[in-house]
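Please read the following paragraphs alongside the sequence and the model, moving from one part to the next as each is named.

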Amino acid sequence: MAALFGTAMMAAGMAGAAEVNVYSSRHYDVDKDLYDNFTKATGINVNLIEGKEDELIERMRNEGANSPADVLITVDAGRLWRAQDADVLQPTRSELLEKVVPAHLREPNGYWFGLSKRARIIIYNKAEVKPGEISTYEELADPKWKNRVLVRSSTSVYNQSLVGSLLAADGEAKTEAWAKGVVANMARKPQGGDTDQIKGVAAGEGDIAISNTYYFARIAASTKPEDQAITAKLGVIFPNQQGRGAHVNISGAGVAKNAPHKAEAVKFLEYLVSPEAQRLFTEKNFEYPIVEGSWVHPVLIEWGKFKEDPLNAAVYGKNNAEALRIMDRAGWK
């Protein structure tokens with residue numbers, strides 16, 4: 001692997017001054033470090049265009065063959081699938097990416113690749129819920145949790161992808177019944193982001209919540225007394241460990257269909273799976289590295305290893321539209 005990284009970086013250095021145009025909907029502080037370090041390593045300048053994912057996809061469509069975009073980087077396979085479906089990405093072959101990115105966390109034909117990952121977990125109030133009392137996503141619909149579940153709205157692509165994974169595992173009828181059960185168990189109308197659900201459980205507004213791992217990891221790693229107080233009250237459950245495993249989603253990227261700097265775009269993606277970049281993803285944003293054997297933040301290590309659902313991310317991406325229709329019919333606002 002080291003030889004592969006070395007070859008890629010050396011080839012970039014020989015290319016001389018160059019640039020890559022990155023359209024990004026990621027909003028994390030670590031990204032600037034990633035881009036700066038890529039430029040230092042390769043001599044390739046990063047020109048960044050930021051915006052919301054749907055707006056960027058539509059912009060790329062409107063720009064067509066004249067689009068300056070080389071790379072689209074965003075979070076969630078559902079959004080990457082939307083970009084692929086909108087025909088703004090192109091299939092890419094890279095020995096390095098195909099070697100180090102797990103097959104289930106990249107699009108089978110190379111339209112996009114996962115760069116970091118996060119699990120959708122259950123957060124629980126240790127004073128109200130006993131360990132083992134809930135162990136699967138399916139159990140969130142059990143009537144015993146009535147008025148006890150906190151979760152963000154159906155507009156969250158994270159929830160849409162979770163429902164998309166349930167569609168693949170359980171089928172449409174069971175998934176719709178599950179969604180109705182979750183709605184019946186909600187402690188309040190969906191509001192806010194994952195951090196709000198976590199804080200709500202700590203404040204006693206509900207007993208369990210659904211969240212991405214990195215949101216709770218940020219709180220758990222904080223030295224602020226108010227965050228330490230939240231962490232002390234809560235526990236983490238990785239669902240479905242006796243079955244298919246926890247739902248895992250990605251932050252990922254693909255090469256734009258009309259990329260004017262395709263070679264530089266591929267080098268950019270290859271850099272983002274390098275040991276240096278993988279460490280930054282987890283060290284500064286508490287995401288799980290996607291490359292096996294990478295350094296992992298101690299907060300995440302403390303939660304232990306977990307079994308992840310091997311479902312290809314493209315599947316719940318494809319299921320996104322149907323997942324949203326199911327949530328709408330269930331009254332998940």
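Is the crossing of helix 8 and helix 9 left-handed or right-handed? In this predicted model, helix 8 and helix 9 make a right-handed crossing. By class, the residues through which helix 8 and helix 9 touch are four nonpolar, one polar and one charged. Two packed helices are described by the angle between their axes and the distance between the axes. For this pair, helix 8 covers residues 194-202 and helix 9 covers residues 213-221, and their axes come within 9 Å and cross at roughly 55 degrees. An angle from 65 to 115 degrees would count as roughly perpendicular and one under 35 degrees as roughly parallel, and helix 8 and helix 9 are therefore oblique to each other. The residues that meet are Asp194, Thr195 and Ile198 on the side of helix 8, and Tyr215, Phe216 and Ile219 on the side of helix 9.

In soluble globular proteins, nonpolar side chains tend to be buried together. The largest nonpolar core here has 105 residues, and those that touch the most other members are Val20, Trp178, Ile208, Phe268, Val273 and Trp332. Strand 5, which runs over residues 113-125, supplies the largest share of this core, with seven residues.

Within helix 12, which spans residues 275-285, the buried residues are Ala277, Gln278, Leu280, Phe281, Thr282 and Asn285. The elements that cover these buried residues include helix 2 (30-42), strand 5, helix 9, helix 11 (262-271), strand 10 (288-289) and helix 13 (298-302). Just after helix 12 comes Phe286, which takes a positive phi of about 60 degrees.

Positive phi values also occur in two loops. Asn147, in the loop between strand 5 and strand 6 (149-150), has a phi near 65 degrees, which is positive although the residue is not glycine. Asn240, placed in the loop between strand 8 (234-237) and strand 9 (248-256), likewise has a positive phi, near 55 degrees, in a residue other than glycine. Is Asn240 buried or exposed? With a relative accessible area of 6%, Asn240 is buried, since the cut-off for that word is under 20%.

Methods:
Residues numbered from 1 in each chain as written. Predicted model: local features only at pLDDT ≥ 70, side-chain atom pairs only at ≥ 80, totals over all residues. Heavy atoms only, no water. Axes fitted to C-alpha atoms, helices over the stretch in contact; angles between N-to-C directions. Helix = DSSP H or I, 4+ residues; strand = E, 2+ residues; numbered from the N terminus. Parallel < 35°, antiparallel > 145°, perpendicular 65-115°, else oblique. Left-handed = near helix turned anticlockwise from the far one by under 90°. Contact = heavy atoms within 4.5 Å. Nonpolar A, V, L, I, M, F, W, Y, C, P; charged D, E, K, R; others polar. Core = buried A, V, L, I, M, F, W, Y, C linked by side-chain atoms within 4.5 Å. Buried < 20%, exposed > 50% of the residue type's maximum accessible area, 1.4 Å probe, protein only.
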